[in-house]
Amino acid sequence: MKLSEISELLHTSVLCNKDLLSTEVENGFASDLLSDVLTIPVHNTLLITGLSNIQVLRTAEILDIRAIILVRNKQASDEMIEMAQRCGIVLMTYSGSMFKACGILYSNGLKPVY
């Protein structure tokens with residue numbers, strides 16, 4: 001699924017790297033525990049999280065995660081946006097819950113990691 005489709009389905013705000021919205025992701029993973037995120041077998045994955053700190057970006061960079069959606073209307077700091085821009089990670093915000101985001105994306109064809 002293209003990141004542009006995901007953004008449209010969830011009506012997200014794209015904070016950086018809008019030029020990368022044509023990127024395809026194969027699956028999604030939702031968690032607020034970075035230790036869980038570090039265990040996933042990553043390949044073209046979207047991370048859905050309520051964590052809004054620089055560690056999320058560092059974890060995504062290590063795992064080569066293509067995009068992050070911050071749920072529950074969490075806001076990214078300037079430092080987060082700058083790092084996402086530098087690393088080529090699409091950073092989006094969504095006003096709804098993690099559960100709702102996952103349900104919408106799953107029902108529209110995004111596959112889970114597990």
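This is a predicted model: local features need pLDDT of at least 70, side-chain atom pairs count only at pLDDT 80 or more; totals for chains, interfaces and linings use all residues.

User: Let's start with M92: does it count as buried or exposed?
Analyst: M92 counts as buried, because its relative accessibility is 0%. Here buried means under 20% relative accessible area, exposed means over 50%, and partly exposed is in between (1.4 Å probe, protein chains only). Residues are numbered from 1 along each chain as its sequence is written, and side-chain values use heavy atoms, with hydrogens and water left out.

User: Good to know. Where is M92 found, and what does it touch?
Analyst: M92 is in strand 5. Helices (H or I, at least four residues) and strands (E, at least two) are DSSP runs, numbered from the N terminus. Not counting residues up to four places away in sequence, M92 touches L3, S7, T12, S13, V14, L15, A67, I68, I69 and L70. A contact here is heavy atoms within 4.5 Å.

User: L3 and S7, ok. Which residues of helix 1 are buried?
Analyst: Helix 1 covers residues 3–10, and L3, I6, S7 and L10 are buried there. Looking down the axis of helix 1, those buried residues fall within an arc of 100°, so they line one face of the helix. The arc is taken from the directions from the helix axis to the C-beta atoms.

User: Why would residues three or four places apart point the same way?
Analyst: An α-helix has 3.6 residues a turn, so residues at that spacing point the same way.

User: And what do the buried residues of helix 1 pack against?
Analyst: They pack against strand 1 (13–16), strand 3 (45–49), strand 4 (67–70), strand 5 (90–93) and helix 5 (98–107). Just after helix 1, H11 has a positive phi of about 55°.

User: How do helix 1 and helix 5 cross?
Analyst: Their axes come within 10 Å and cross at roughly 125°. That makes helix 1 oblique to helix 5. The crossing of helix 1 and helix 5 is right-handed. As for conventions, axes are lines fitted to C-alpha atoms, for helices over the stretch in contact, with angles from 0 to 180 degrees between N-to-C directions. Angles under 35 degrees count as roughly parallel, over 145 as roughly antiparallel, 65 to 115 as roughly perpendicular and the rest as oblique. A crossing is left-handed if the near helix is turned anticlockwise from the far one by less than a right angle, and right-handed if clockwise.

User: Which residues meet there?
Analyst: I6, L9 and L10 of helix 1 meet A101, I104 and L105 of helix 5. By class, the contact of helix 1 with helix 5 has six nonpolar, no polar and no charged residues. Ala, Val, Leu, Ile, Met, Phe, Trp, Tyr, Cys and Pro count as nonpolar, Asp, Glu, Lys and Arg as charged, and the others, Gly among them, as polar.

User: Which residues of helix 4 are buried, and what's on the face turned away?
Analyst: M80, M83 and A84 are buried. Seen down the axis of helix 4, they fall within an arc of 100°, so they line one face. The face turned away from the buried side carries the exposed residues D78, E82 and R86. The cover over the buried residues of helix 4 includes strand 1, helix 3, strand 4 and strand 5.

User: Last one: where is N17, and what is it in contact with?
Analyst: N17 is in the loop between strand 1 and strand 2. It counts as buried, at 6% relative accessibility. Leaving aside neighbours within four places in sequence, N17 is in contact with A84, Q85, G88, I89 and V90. N17 and I89 are 72 residues apart in sequence but 6.8 Å apart in space, C-alpha to C-alpha.
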